[in-house]
Amino acid sequence: MADAETQREAVLDALDNVAERLAEEKEYLTDLDSAIGDADHGANMERGFGKAADKREEFAEMEPNEVVKNVGTTLISNVGGASGPLYGGSIMFASQELEDGITAETSVAFAEAYLNKVKDRGGAQVGAKTMVDALVPAVHTYKKSVEQDDLPPLEALAKAVDAAERGVAFTVPIKAMKGRASFLDWRSVGHQDPGATSTLFILEELLETAEEYLDGEIDRDARAEDAVGRDE
Amino acid sequence: MIGLVVVSHSAKAAEGIAEVAAQMGGGNARIVPAGGDEDGIGTSPDRIREGIEEADDGDGVVVLVDLGSAVMNAELAIEMAMDSEAVIADAPILEGTLNAAVETTSKKATLDSVVERAEDARDYRKLN
């Protein structure tokens, strides 16, 4: 990707887009969380990313990886609950991978580090009805698309978002094995996981932002067909 | 002396546990409560990190936790408190803190011995 200044602008724009999206989806996330959790996910995510986006001025002189790191620490201090360490702590940890700038290669390393930290910290595997169900398909698809299929990062990210979308759908018919929802046992079946859903929203906004900064176009109709597995 | 940090979702619970444990430690133990978050019930990585830094006199810190996000936030706080050596004891928070407080006042106490004493509390039965 481009020089450090452009990279920083891209990170700041992504932050704004994510904060705006989570504010729009606050009620939806809260509804999902009130079905199987403690009804605070929407408010927590809006507050955390809102506080981070408010620091745009403060971030304006930092290296791109420093901005990402500071987004993480801001989330740690402002999100609360288990989402603070899971989202904020993992972003902070994974930001190390961006020390040499944001490229296709370092973005894969960032994504993998983020996923691994979430899994270590939360102890959830695929199928536990958590954000991991969206993250694992997204990160695996992104890595494979970049490293083996040599796709441009924008296309790889579009495929990752599709994969995350399927992961979110997968959380609906399965039983929660982690977090507060697991206390509901079979009653959790039939509800979509709020953490997987907010993870998808974040990825969608990263894609929106990437479209502004990276070459290439995404065929949205093809994406939709691909997402439901009609077309390979 | 090894310090202790008590992390509960309730600030009052953390303070109360620290109070009982301080008495067991004969008033010499270094016990810092770090319960609740900005909104009340919850846990805060920033508070826990400050607690670790306050409890540490250079010999290290053992962190006692209640459940759920307390564990994750304590892990994160330990990573953030980079100048302090701190570990979490896998123990019931009240009984574990009492045991640990007694052990920290021993001249031979180490981080391992304090964790071990705290974790002994896992097997305590209350009847018989």
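Predicted model: local features only at pLDDT ≥ 70, side-chain atom pairs only at ≥ 80, totals over all residues.
A residue is termed buried if 20 or more other C-beta atoms lie within 10 Å of its own, exposed if 12 or fewer do, and partly exposed in between, the C-beta atoms being placed from the backbone. Residues are numbered from 1 along each chain as its sequence is written, and chains are lettered from A and ligands numbered from 1 in the order in which they are written.

Glu57(A) counts as exposed because it has 7 C-beta neighbours inside 10 Å. Glu57(A) belongs to helix H4 (residues 56-59) of chain A; helices (H or I, at least four residues) and strands (E, at least two) are DSSP runs numbered from the N terminus. Between Glu57(A) and Leu12(A), the separation is 45 residues in sequence and 9.8 Å in space, C-alpha to C-alpha.

In chain B, four strands form an open sheet in the order S2-S1-S3-S4, with parallel pairing; two strands pair if DSSP finds at least two bridges between them. In general, strands of a sheet pair through backbone hydrogen bonds, either parallel or antiparallel. Strand S2 (30-33) and strand S4 (86-89) of chain B are the edge strands, each pairing on one side only. From one strand to the next, the twist averages 25°; axes are lines fitted to C-alpha atoms, for helices over the stretch in contact, and angles run from 0 to 180 degrees between N-to-C directions. Strand S3 (residues 61-65) of chain B pairs with S4(B) in the parallel sense over four bridges, and Val63(B) has Ile88(B) as its bridge partner in S4(B).

Two helices of chain B were examined against this sheet. Helix H1 (residues 11-24) of chain B packs on the sheet, touching strand S1 (3-7) and S2 of chain B, and its direction makes about 165° with that of S2(B). Two residues are in contact if their C-beta atoms, placed from the backbone, lie within 7 Å. Helix H2 (residues 45-55) of chain B also packs on the sheet, where it touches S1, S2, S3 and S4 of chain B, at about 160° to the direction of S1(B).

Beyond residues up to four places away in sequence, Val62(B) touches Ile2(B), Leu4(B), Val87(B), Ala89(B), Ala100(B), Leu111(B), Val114(B), Val115(B) and Ala118(B).

The contact between the chains takes ten residues from chain A and eleven residues from chain B.
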